[in-house]
Protein chains: 2
Amino acid sequence: MKTGDLNLVKKINKSIVLTTIQNMAPLSRANISEITGLNKATVSSLVAELIDEALVGETGPGESSGGRRPVMLYFNKKAGFSIGVDLGVNYMLAVLTDLSGTIIYEKQTELEPQTNQEAIFTKLSLLIKDTMDHVPESPYGIIGVGIGVPGITNNEGDVLLAPNLGWGFTDIKGYLAKQFDIPIIIDNEANAGAYGEKLYGSGKTLANFIYTSIGIGIGSGIVIDNSLFRGATGISGEMGHFTINAHGPTCRCGNKGCWELYASEQALLKEAQNLPSLKERKDINLELLIQLAEAGDQDILQLFDLIGEYIGIGFVNIANTFNPQAIILGNRFSLIKKWIFEAINRTIAQRLSVSQETEIKFSERGIYSCALGSAAFVIEAFFSHRKVTVE
Amino acid sequence: MKTGDLNLVKKINKSIVLTTIQNMAPLSRANISEITGLNKATVSSLVAELIDEALVGETGPGESSGGRRPVMLYFNKKAGFSIGVDLGVNYMLAVLTDLSGTIIYEKQTELEPQTNQEAIFTKLSLLIKDTMDHVPESPYGIIGVGIGVPGITNNEGDVLLAPNLGWGFTDIKGYLAKQFDIPIIIDNEANAGAYGEKLYGSGKTLANFIYTSIGIGIGSGIVIDNSLFRGATGISGEMGHFTINAHGPTCRCGNKGCWELYASEQALLKEAQNLPSLKERKDINLELLIQLAEAGDQDILQLFDLIGEYIGIGFVNIANTFNPQAIILGNRFSLIKKWIFEAINRTIAQRLSVSQETEIKFSERGIYSCALGSAAFVIEAFFSHRKVTVE
DNA sequence: TACTCTTTGTTTAAACAACAAACAAAGCCT
DNA sequence: AGGCTTTGTTTGTTGTTTAAACAAAGAGTA
């Protein structure tokens with residue numbers, strides 16, 4: 001049982017001071033005291049410890065406001081570095097970030113579709129090693145590696161199922177832990193994307209939102225009260241598989257009429273193939289359709305509109321279920337924003353009860369959301385034993 | 001900003017001690033010390049204060065285990081009383097409970113359908129006053145009134161919309177506050193039901209579950225990490241209005257093919273009306289159908305089965321979205337459990353990916369869930385300034 | 001320049017909650 | 001009767017926040 005003692009009090013206040021510096025630097029000890037309500041003496045003593053731990057530094061004297069000049073403090077975001085990997089179906093993207101989520105280095109590797117698991121593991125190791133080589137000198141070095149996987153993961157770092165990779169149960173954390181002696185965090189690609197947008201993108205100012213990652217499939221990350229909801233056993237947000245057509249076609253998940261059969265890249269490409277103008281072509285992919293849309297192809301524009309409508313139908317379901325402040329659309333479909341945005345909003349206006357005010361947004365960090373979020377999971381874990389919240 | 005100080009530590013520990021006594025009484029100070037890890041001296045001092053506040057009492061000496069006999073403590077559940085009201089469409093049920101949720105007194109009032117708001121308010125006042133008259137003498141008296149309303153409420157205690165009552169925006173809290181000088185808490189009927197089941201029913205051992213209240217409409221309460229999720233602005237769980245048929249009939253909410261059009265009492269009665277055997281009858285209601293089912297009417301049994309299937313389809317959506325440990329079916333449809341249970345489970349087995357293990361349960365407190373949950377909201381508020389949690 | 005006032009940050013002493021250890025109380029066992 | 005065990009209180013220590021005093025360093029003004 002978690003009882004209270006003096007140690008806890010200190011931890012809470014130190015956490016508050018650190019968070020304040022992270023969010024509002026540059027600022028002085030006096031500023032912190034005023035903002036937090038903590039006594040000046042308390043702030044001084046806690047800041048001294050944070051400086052000892054290399055998490056905070058002094059930049060020098062600031063502007064006087066009629067008295068002694070303050071000593072300005074900053075958050076030492078270079079105290080350590082995190083690695084985040086977006087493990088896609090046909091690519092791998094790794095980013096190296098500092099403790100504030102700024103990208104220091106990035107590297108992308110292409111993957112042949114259907115690459116076997118052994119080969120993916122090897123490439124992943126190489127990618128991580130390469131990224132590690134680009135870490136600057138720092139007190140804490142690399143504080144961990146986070147990986148976003150397009151599939152279902154549990155809280156122990158196992159992948160339970162990743163159909164688009166052809167994986168069943170996979171102990172990816174175990175594999176990596178053997179090679180790298182640092183914390184490894186595995187999570188779902190949509191959760192990571194949601195977290196990335198929460199910290200560094202469209203979700204920065206939102207406490208409650210749903211991030212929907214629409215690509216080949218549809219995944220989602222649920223942010224409630226500023227933190228990610230992972231569900232009972234770490235599986236959740238499989239919203240691509242809710243039924244929007246009770247007697248529709250069977251999905252590979254076993255259910256019928258799943259949303260993702262109507263509103264994903266897989267649905268889009270299938271419909272495109274049926275267009276008279278494209279019937280013969282074998283090279284249909286999202287990029288081609290974007291080209292055609294740019295050129296003003298009416299069939300394609302109409303198709304995008306239809307897909308947008310189905311996305312809107314799913315969004316109405318999400319809004320009715322969670323009443324979030326916003327739904328953020330991310331992953332590949334953020335590329336076709338301009339052709340689906342109107343249809344999504346139109347559908348929502350038609351179907352959603354007026355009392356709800358859910359805004360539709362698009363991912364701000366684009367293809368980086370997932371890698372950034374994965375890196376952020378590591379940073380969160382690094383700070384977790386320093387940060388405490390009370391309610 | 002919420003900083004830490006000695007006062008906070010004390011509050012945390014006092015809260016732990018009180019919770020421990022509530023959950024495990026009768027027990028001694030030494031027991032508490034052992035269970036919580038708090039020092040014996042600390043426990044003694046905190047228990048002394050709780051006794052001063054009349055929340056805890058001593059029953060007398062317990063069994064010796066080879067030394068001095070312990071003084072056994074109990075939670076004084078009679079220190080105050082709470083009133084919970086289930087404001088239904090054609091009835092009002094009030095319960096008077098002690099601080100542990102035990103019902104001391106209850107009273108139900110029938111309502112004519114379409115009763116106007118003024119009349120409902122008057123009846124509600126009378127019901128509350130009558131309930132108050134049955135309160136035993138106690139240190140804190142009546143600590144508040146909680147009301148569960150079949151509609152959308154916000155966190156300020158306003159009803160925004162209650163279609164089945166014919167209400168638009170209604171300041172019910174304001175009305176009651178004028179007459180009763182105690183805390184008034186207004187919440188959605190499904191949220192209250194969920195909370196009632198969480199504390200005193202099928203949800204007691206579950207940290208994550210979805211309570212679906214299926215009656216005329218379908219509402220839902222979402223329990224995440226042992227606490228109720230209310231959504232961005234206190235509106236959430238309008239799951240009855242997610243689409244399960246993208247191009248189905250239009251619902252009064254504006255959306256199309258809403259789940260509640262296929263799986264609620266309203267759907268059931270409409271289908272029943274179309275049965276050849278019932279075409280001429282004007283007195284179709286749930287109770288009649290139950291009678292017929294008991295008598296073995298094949299048409300009715302088949303109809304129940306069909307409705308069960310649609311309930312199952314919605315449950316699959318819920319499971320895919322939240323991955324809860326269980327889905328608890330409550331309200332009127334808990335009455336027809338034996339005729340729909342099999343169809344629900346069958347549908348889920350067919351449609352839900354095997355990796356998920358969501359159990360289907362039925363409400364344990366039956367028609368009391370909502371009133372009990374409403375009363376519990378009041379108790380929670382009463383303790384909220386005493387109880388603190390840290391993470 | 002000299003002086004006062006303001007602001008910043010540190011030092012000092014007081015308050016207080018948890019804690020360990022000693023102690024008192026009240027039982028059990030032989 | 002005496003030793004042992006368990007319970008619960010008392011006593012003194014530790015560690016943290018805090019208010020108040022203080023020191024440092026600048027601004028403003030005559």
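Modeller: Chain A of this predicted model is assigned three domains: domain 1 (6-75), domain 2 (81-195 + 370-384) and domain 3 (203-364). These bounds come from an automatic or database domain assignment. The centres of domain 1 and domain 2 of chain A, taken over C-alpha atoms, are 33 Å apart. In chain A, 6 residues of domain 1 are in contact (heavy atoms within 4.5 Å) with 5 residues of domain 2.

Two notes on reading the model. Residues are numbered from 1 along each chain as its sequence is written, while chains are lettered from A and ligands numbered from 1 in the order in which they are written. Local features need pLDDT of at least 70, side-chain atom pairs count only at pLDDT 80 or more, totals for chains, interfaces and linings use all residues, and side-chain values use heavy atoms, with hydrogens and water left out.

Now the DNA. DNA strand C is surrounded by 26 residues; a residue is near the strand if one of its heavy atoms lies within 4 Å of it. The closest are A:Lys40, A:Ser44, A:Gly67, A:Arg68 and A:Val71. By type, the surface holds 8 nonpolar, 12 polar and 6 charged residues. Here Ala, Val, Leu, Ile, Met, Phe, Trp, Tyr, Cys and Pro count as nonpolar, Asp, Glu, Lys and Arg as charged, and the others, Gly among them, as polar.

Which parts of the strand face the protein? Of its atoms within 4 Å of the protein, 67% belong to sugar or phosphate, and the rest to bases. Take some single contacts. A backbone N or O atom of A:Val71 is 2.5 Å from a phosphate oxygen of DNA strand C. For A:Ala30, a polar backbone atom lies 2.9 Å from a phosphate oxygen. B:Gly66 reaches a base instead: a backbone N or O atom is 3.2 Å from a base nitrogen. The elements giving two or more residues to this surface are helix H2 (29-36) and helix H3 (40-52) of chain A, with helix H1 (6-24) and helix H3 (40-52) of chain B. Helices are DSSP runs (H or I, at least four residues), numbered from the N terminus. H1(B) gives the most, 4 residues.

Both chains take part, so how do they relate? Chain B can be laid on chain A with an RMSD of 0.1 Å, by a turn of 180° and a shift of 0.0 Å along the axis. The two copies are thus related as by a two-fold rotation axis. The superposition is by least squares on C-alpha atoms of residues with pLDDT of at least 70 in both. Of the interface residues of chain B, 100% are also interface residues in chain A, so the copies meet through the same surface.

Technical notes
A polar contact is a pair of N or O atoms within 3.5 Å; within protein, one must be able to donate a hydrogen and the other to accept it, and residues adjacent in sequence count only if both atoms are side-chain atoms.
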